[in-house]
Amino acid sequence: MTALHDEAGYDRVRVAQWRDGRARMPGLNRRDLLRLTAAGGLALAVTGAAAGTAAAAGPIVKPLPPELFDVYGTNAETRWEAMRGQGYLTPIDRFFVRDHTSTPVLDAATWRLQLFGSGLRGSPTAAAPVELSYRDLRALPSETVTAFVECAGNGRSFFTGQQGQTVSGTAWKLGAVGVARWRGVRLATVLARAGLTRDAVDVLPEGLDPDYVTGGVNLGKVRRPLPVAKALEDVLLAYEMNGQPLPPDHGFPVRLVVPSWAGIASIKWLGRIEVSATPLVSPWNTQYYRLLGPDYPAEGTPVTEQVVKSAFELPWGATLAVGQRQVLRGRSWSGHGRIRRVEVSTDGRTWRPAKPISPALDRGWLQWEFPWRPRTAGEYTLRARATDVTGVRQPDVAPYNTQGYLFGAVVRHPVTVSAS
Ligand SMILES: Nc1nc2c(c(=O)[nH]1)N[C@H]1C(S)=C(S)[C@@H](COP(=O)(O)O)O[C@H]1N2
Ligand SMILES: [Mo]
């Protein structure tokens with residue numbers, strides 16, 4: 001068996017198996033998929049399908065006041081100034097929402113989680129799956145994890161804004177991330193109860209939201225395979241967020257939380273999980289959430305862990321008063337582990353350390369502050385750059401990929417200092 005922790009290596013095997021017909025893509029036939037591809041390979045044409053359209057009305061249930069959110073179609077991004085004065089966690093009222101279609105309103109009393117597939121003892125079928133009710137799940141031992149959920153496309157607009165590159169997808173600034181305290185049951189516990197076998201290689205969690213239709217093709221339920229190694233490591237079936245039952249927009253009654261990985265892994269409104277002894281693929285790891293472009297192999301590289309990022313808790317283009325002592329605040333995080341150091345520059349040349357004001361959690365973020373007294377009025381560019389525990393520091397330029405994932409470069413945050 002391949003080293004499943006090495007997702008890139010594993011993915012190469014999985015893709016090769018899919019190409020010669022040994023991996024399956026449940027929910028989509030091969031012809032439909034090939035219609036989406038340029039030449040029948042996996043390096044697919046950029047469709048721009050992920051871009052929000054202003055026409056869709058009300059797909060998100062919770063209020064989206066303009067002081068807390070910027071809304072793009074079915075998605076809403078947190079305004080970073082709304083995090084100022086907040087504690088470690090992102091409150092639910094300002095946690096970003098990323099819906100492929102719309103938020104379904106489900107009933108916990110009738111909800112069932114269905115598990116099936118060749119990776120479970122006795123190979124239960126989709127028609128006769130192992131079932132778990134909400135009450136069953138609540139009765140299992142629970143765990144709590146503080147973790148960020150971040151869209152792989154967070155920061156995408158800066159590929160264009162800072163690097164002059166054209167990419168497809170929602171033009172997020174840095175607000176497609178939030179940290180919450182999630183409570184639920186380990187996926188490992190549920191898989192063990194369902195009869196996980198040693199042959200299982202992939203799990204494929206699937207949402208109960210409407211099918212995702214794009215370019216005239218129905219891609220089916222939102223779903224993305226997860227290697228068993230990650231599934232058993234630290235993944236939670238969460239039913240609570242910040243001490244509350246999961247809100248509708250964040251996956252009620254139960255969602256997956258896959259710490260440190262791209263948000264797409266954390267499937268909301270979980271309905272079914274296929275557990276397979278043969279590799280599985282879906283459009284969300286072949287067409288979307290792959291790094292494609294001139295600097296990547298032709299078949300691309302799957303997006304797994306998020307990269308290092310930093311954001312100031314300031315409006316974009318904030319105005320600050322000249323000669324007054326400011327305390328700039330912000331947060332930094334990384335999918336590779338906790339943040340070790342943050343530096344801030346107000347002139348683009350000199351960097352000084354920011355002061356940590358929270359614990360640095362492996363799966364969460366670090367809050368920091370930086371005192372600044374701007375002496376002359378004018379336009380300034382603020383920069384924050386973090387280094388994580390693996391030694392990775394935010395670069396000046398993010399590697400280009402056609403769909404604009406993983407923008408980890410230092411963001412140039414414009415502010416005006418005015419003689420009030
Ligand atoms: N079923 C389902 N799960 C989903 C999605 C979706 O549209 N449907 N969006 C994914 C994406 S792309 C992201 S970034 C996260 C966003 O989680 P949030 O809306 O709770 O912030 O959910 C993921 N899980
Ligand atoms: Mo996402």
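Predicted model: local features only at pLDDT ≥ 70, side-chain atom pairs only at ≥ 80, totals over all residues.
Local features are reported only where pLDDT is at least 70 and side-chain atom pairs only at pLDDT 80 or more, whereas totals for chains, interfaces and linings use all residues. Residues are numbered from 1 along each chain as its sequence is written, chains are lettered from A and ligands numbered from 1 in the order in which they are written, and side-chain values use heavy atoms, with hydrogens and water left out.

## Strand S20 and its neighbours

Helices (H or I, at least four residues) and strands (E, at least two) are DSSP runs numbered from the N terminus, and two strands pair if DSSP finds at least two bridges between them. Strand S18, residues 309–312, is joined to S20 by four bridges in the antiparallel sense. S20 is also antiparallel to strand S24, residues 365–372, with eight bridges between them, and there Trp333 has Trp365 as its bridge partner. A residue is called buried under 20% relative accessible area, exposed over 50% and partly exposed in between, with a 1.4 Å probe and protein chains only. Because six of the eight residues of S20 (residues 326–333) are buried, the strand is largely enclosed by the rest of the structure.

## Salt bridges

A salt bridge here is a side-chain nitrogen of Lys or Arg within 4 Å of a carboxyl oxygen of Asp or Glu, and the whole structure holds 19 of them. Side chains of opposite charge can pair when their charged atoms come close.

| Salt bridge | Closest N and O atoms |
|---|---|
| Asp234 and Lys230 | 3.0 Å |
| Arg329 and Glu369 | 3.2 Å |
| Arg349 and Asp347 | 3.7 Å |

The bridge between Arg329 and Glu369 links distant parts of the chain, with Arg329 in strand S20 and Glu369 in strand S24, 40 residues apart. Arg329 counts as partly exposed at 26% relative accessibility, while Glu369, with a relative accessible area of 19%, is buried. Both Asp234 and Lys230 are buried. Elsewhere, a network of salt bridges links Asp70, Arg79, Glu81 and Lys173.

Strands S1, S2 and S3 form an open sheet in the order S1-S2-S3, with antiparallel pairing. Its edge strands, each pairing on one side only, are S1 (69–72) and S3 (97–98). Four bridges connect S1 with S2, residues 75–78, and Tyr72 has Asn75 as its bridge partner in S2.

Another open sheet has five strands in the order S5-S4-S15-S8-S11, and its pairing is mixed. At its edges lie S5 (130–133) and S11 (226–227), each of which pairs on one side only. Within this sheet, S4 (residues 112–116) and S15 (residues 270–276) are parallel and share three bridges, and Ile273 in S15 is the bridge partner of Leu115.

Helix H5, residues 187–194, has Leu187, Ala188, Val190, Leu191 and Ala194 as its buried residues. Seen down the axis of H5, these residues fall within an arc of 165°, so they line one face of the helix; the arc is that of the directions from the helix axis to the C-beta atoms. Just after H5, Gly195 takes a positive phi of about 95°.

A nonpolar core is a set of buried Ala, Val, Leu, Ile, Met, Phe, Trp, Tyr and Cys residues joined through side-chain atoms within 4.5 Å. The largest one has 63 residues, and Leu187 and Val190 are among those with the most contacts inside it. Strand S12 (residues 236–241) gives the most to this core, with five residues. A second, separate core has 20 residues, including Leu314, Trp368, Phe370 and Ala386. Counting contact as heavy atoms within 4.5 Å and leaving out residues up to four places away in sequence, Val190 touches Leu113, Leu115, Leu132, Leu137, Leu140, Val185 and Leu237.

## A buried histidine

His250 lies in the loop between strand S13 (244–245) and strand S14 (255–257), and with a relative accessible area of 1% His250 is buried. Residues up to four places away in sequence aside, the residues that His250 touches include Ile92, Phe95, Phe96 and Met241.
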